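Please keep the sequence and the three-dimensional view at hand while reading.

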Amino acid sequence: MIYEEVSSESRTRRTLTGAARVLSALRMDGPLVTGLALTAAYGLVVLYSASAESLPMVLRTVMRLVLGTAAMLALARVSPNFLRRTSPWLYAIGVVLLLAVAVVGHRGLGAQRWLSLGPIRFQPSELMKLAVPMMCAWYLHERPLPPRWPNLLLLGLIIVAPAALVAKEPDLGTAALIAAAGLLVVFLAGLRVQVIIGMLLIGVAAAWFGLRFMHGYQRQRLLTFLNPQSDPLGAGYHIIQSQIAIGSGGVFGKGWMNGSQAQLDFLPERTTDFIFAVIGEEFGLLGLAVLLLLYAFIIGRSLYLAVQTPDTFSRLLGGSVALTFFVYVFINAGMVTGLLPVVGVPLPLVSYGGSSVVTVLAGFGILMSLHAHRKLMGS
Amino acid sequence: MPPVRIKDHWRELRIFESRALFAGAAMALLALALGGRLYLLQVVRHDYYSELSQANRVRTDPIPAARGLIMDRYGEVIASNQPTFQLELIPDEVPDLKRSLHRLVKLGLLPGDDIPELIRTIKSRRTFDNVPIRLHLSDEEVARFAVRRFEFPGVDIAPQEARWYPEGPLAVDAMGYVGTISEKDLAHIDRAAYAGTAVIGKTGVESAFEKKLHGTNGFQQTLVDAQGRPVPKPGVFAKDLEMKAPRPGDDVILSLDLKIQRVAEAALAGKEGAVVALDPNSGDIIALVSSPGFDPNLFARGITVKGYASLEGDPNRPLYDRALRGEYSSGSTIKPGLALGALTDGVIDPDKPVFCPGFYHLPGGRHIWHDANHEHHGEVDLDHAIARSCDVYFYGVAHEMGIDRISAWLPLLGFGRPTGIDIGGEKPGLVPSRAWKEAHFANPANKVWFPGETVNLGIGQGYFLVTPLQLAHYASILASRGHVWRPRMVTGLRNPETGRIEWLPPVYEGDLSNISADSWQRVVHGMIGATTYPNGTAYAQMRGSVYTIAGKTGTDQVVNESVTGNLGEDNGFSKIKEQYRDNAWFIAFAPAEAPRIAVAVIVEHAGFGSMGAAPVARKVMDAYLLGPDGKVLLPAAPRGPYSEPSDIRPKVVPSLPALPPPTPPASQQVADRGRSQPASARHAR
């Protein structure tokens, strides 16, 4: 009896240490990978219900997760120095592709975000989510911190140019995320508080002007956010229905696959941008708390990894990955709960579709590379 | 040139750490805001959003209540509901709408020229809803579609309850009809109570008893998705779906006897006119006819504009309810009523013979009033004046009474005001008076009441107007010797679920107690004389009856003789255009000693009353009073399942004096005179 217990315990320990060894060989961070895996698994469970038990949709998401994991594993093996050196090239390629989208891709109605390269359909704006912070980190790596005005102006150009191109597609959500990723790098680099305040003021002014030049549906979204009841069956429908879904879920939720708002089609975009409301309806406040705690763990762990990296490029880029992830979550949750206007930002690792899963996991791959290679980089 | 800045790794690390800390704090703050928002939505406002979510997914559909039946006193149904079939189409499931519709036209199930309109209707509906494209399919049409159904995906036959009048036009003016709910109807009904109801009572019993007939609609909650489609397996999302069964409307039991109604309608077939027969012991209407009638099913099935226009434009006016709304001059039928007034007021001596030379003029006046047909009746007393309808005698009666007494007296007999019949819709008629003339005419010269106008009233001509219902009501007051019952059509309401019948008691409005028994005897005797004296006005038509009939003819002059001229022996009947011919009246009650039926008949443009109207009244009375063996039925004989129990009726036994001898002793004449006072019978109202 005693033998058995000891041996079984040691087997567990051996398995764990074995797994840890494998992870470290893969340059993976165990806790972060666990957090990401749990979140993705939770997302699959929710998606199965939100998609009305569509196995093909779940399988397609699994495929994307596999693809994202592959990207994550690949990027984790790449050395930070290489990443840093390729940053400007990546950025330059990204801008060219965005210009290509603006010129070549602009033939359809509404938003044109895709670029077809042979059989592969590719969204350059996804690439820019990573390329812009990398470029910013690369630029600041060489210069003393905190950055000075001339540096800031150039950084501003680095950030605004691609963001503006994406916003013109038009994809306001992604543009905001790209800008946020870049700005967070600058923020982490020690941007002065006065400058931050000044930029906020400029931002407000720009928003005021922007409102006048926005596409009809973008302005409508913003106005609807300010007063959803003004058009309950039109533009306000999304917000009202998602709040009904979340509110009617209560503390414990209606149960998996029992959310009437989601299952009976009242909730629009329920597998994609509004999947947060499905969790709120079916799993209640508790279900959302679990999800948000998972996200908090991922963000916290990421920040912790970023702080441990030895050089400026790694710290800035790693911190940006962590904070951008938070921005993703907060913008999505904020819009679904009615705190923010409806902008098309998916809930990371949970929402169905798009290449965002791959981008997110690739970002964490970079973060883990930066962390795993810290001892190899002489400083 | 600014000083060259050197990278300070320690400082940069500290900057990063402080920024990361700051970011962490900011994220914590934003997370707190998000948490607060979730708490507000999911805890504080949970009930509110739960209700909204419930309202989102539960649709409440009305279940219309079955409309109550209408049946006669024996339970024979004249208004029922019929499951009909309609052709329905679900746009979502029809692959090629135009092609399907054109093939339905080819099958003869749709009218071809309506297709563009129909397509527009279908397009305006939700694509998953059943859209009725053709109502009231015949059995043959249902069968024709059924064998080809496989060719029409998305098209199907669905049952639908519709009002159905199995006897068609029978008793339509009593029963009324239902029609599509109009804008006007919506103004005075509770829209919610009529959700899911297509029709509403428009006239007659259908309208007057709408509230009872309609019942209470139920509802059924259905779980639906965002597009409003019913969800097939609702168990998970709604354990609390409610259903309330509708409460069917009450069946309405009429006092009508459809056997008699049929006889009356047959007797009037092809003529314009009206028959009202009622029971003088209760006011129950036995038969009520306005001819020509029309088929109420036309309205119940949604009448077309063309169909309505043709009914409206018919010169015989089938939609016009003559029995309740036709206002005519009473003609001589008013003479017994006037005689009662004159006797009660003591202004005439019934035994004093009056010489009738065939014309009349007022004392000192030069205007001549002729007797009808310019007949010379010679010496006539009251009895013969009624029996033979001597106009000259009654010119005198009217003159003796004067307009004030007449205009006070006639309302006691039910004239000049609605009788209060329970189906409504009646006209009040008109009893002229000095005050009325003063108010009615604009020209000051016409505001004065002329004595000659009083003379006209003696034979029921002039301004005096009555409806057939009023005249029947009046006949029933004469029959019961002064007991006034309010005419009624509905005797009971039957709860179709329990079968329990709520009987409505008849309404007794009082009696004309100041009319002496002697006056009744004399007047009724004169009316019996009209049917029994060989020279009585209705002798020919009433001859051979096994029961005693008290009757009175009347002729409503449509145009003055100055138009037609004196037309000789048959009153020129055959020579005058129909629309100029006089309207024929006849009122009667029988058996005269203990009346069980009182009848008023008008036949428009039929000439003299005895010729046109009396045979109709005879047929009605024969049908009601005689058994198949030709003998008088016992009063209590025909009691059907829907006859009311006798104990709910107030016990009012009419005083039925034996027939008086033709000439009372001279001493009584004096006594009668002594009693005479102005009318004070108003309490009878």
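A crossing of two helices is called left-handed if the near helix is turned anticlockwise from the far one by less than a right angle, and right-handed if the turn is clockwise. This term is needed for the helix pair described below. The structure shown is a predicted model.

The account begins with chain A. This chain contains 14 helices and 2 strands. Chain A has 379 residues, of which 50% count as buried. Where contacts in chain A link residues at least 6 apart in sequence, 72% of them join residues at least 24 apart.

One helix pair of chain A may be examined in detail. Two packed helices are described by the angle between their axes and the distance between the axes. Helix α10 of chain A, residues 237-249, packs against helix α12 of chain A, residues 275-308, at an angle of about 20°, and their axes are 7 Å apart. Angles under 35 degrees count as roughly parallel, and α10(A) and α12(A) are therefore roughly parallel to each other. In the sense defined at the outset, α10(A) passes α12(A) in a left-handed crossing. On the side of α10(A), the contact is made by A:S242, A:A245, A:I246, A:S248 and A:G249, while α12(A) contributes A:A277, A:V278, A:G280, A:E281, A:E282 and A:G284. The residues of this contact between α10(A) and α12(A) comprise 4 nonpolar, 5 polar and 2 charged.

The next topic is the contact between the chains. Chain A supplies 40 residues to the contact, and chain B supplies 37 residues. On the side of chain B that touches chain A, the elements giving two or more residues are α1 (9-44) and α2 (46-57) of chain B. The greatest contribution to that side comes from α1(B), with 18 residues. By residue class, the side of chain B that touches chain A divides into 20 nonpolar, 7 polar and 10 charged residues.

Attention now turns to chain B as a whole. This chain holds 25 helices and 23 strands. Of its 685 residues, 42% count as buried. Among the contacts in chain B between residues at least 6 apart in sequence, 77% join residues at least 24 apart.

Strands of a sheet pair through backbone hydrogen bonds, either parallel or antiparallel. Here, 5 strands of chain B form an open sheet in the order β12-β11-β23-β22-β21, with antiparallel pairing. Strand β11 of chain B, residues 273-278, is joined to β12(B) by 6 bridges, and the two run antiparallel. In this pairing, B:L278 stands opposite B:I285 in β12(B). Helix α10 of chain B, residues 258-268, packs on the sheet and touches β11 and β12 of chain B; the direction of this helix makes about 25° with that of β12(B).

Is B:Y474 buried or exposed? A residue is buried if 20 or more other C-beta atoms lie within 10 Å of its own; B:Y474 has 25 C-beta neighbours inside 10 Å and therefore counts as buried. Residues up to four places away in sequence aside, B:Y474 touches B:G337, B:L413, B:G414 and B:F415. B:Y474 and B:V599 are 125 residues apart in sequence, and from C-alpha to C-alpha they are 9.5 Å apart in space.

Note on methods: Residues numbered from 1 in each chain as written. Chains lettered and ligands numbered in written order. Predicted model: local features only at pLDDT ≥ 70, side-chain atom pairs only at ≥ 80, totals over all residues. Axes fitted to C-alpha atoms, helices over the stretch in contact; angles between N-to-C directions. Helix = DSSP H or I, 4+ residues; strand = E, 2+ residues; numbered from the N terminus. Parallel < 35°, antiparallel > 145°, perpendicular 65-115°, else oblique. Contact = placed C-beta atoms within 7 Å. Nonpolar A, V, L, I, M, F, W, Y, C, P; charged D, E, K, R; others polar. Buried ≥ 20, exposed ≤ 12 C-beta atoms within 10 Å, placed from the backbone. Pairing = 2+ DSSP bridges.
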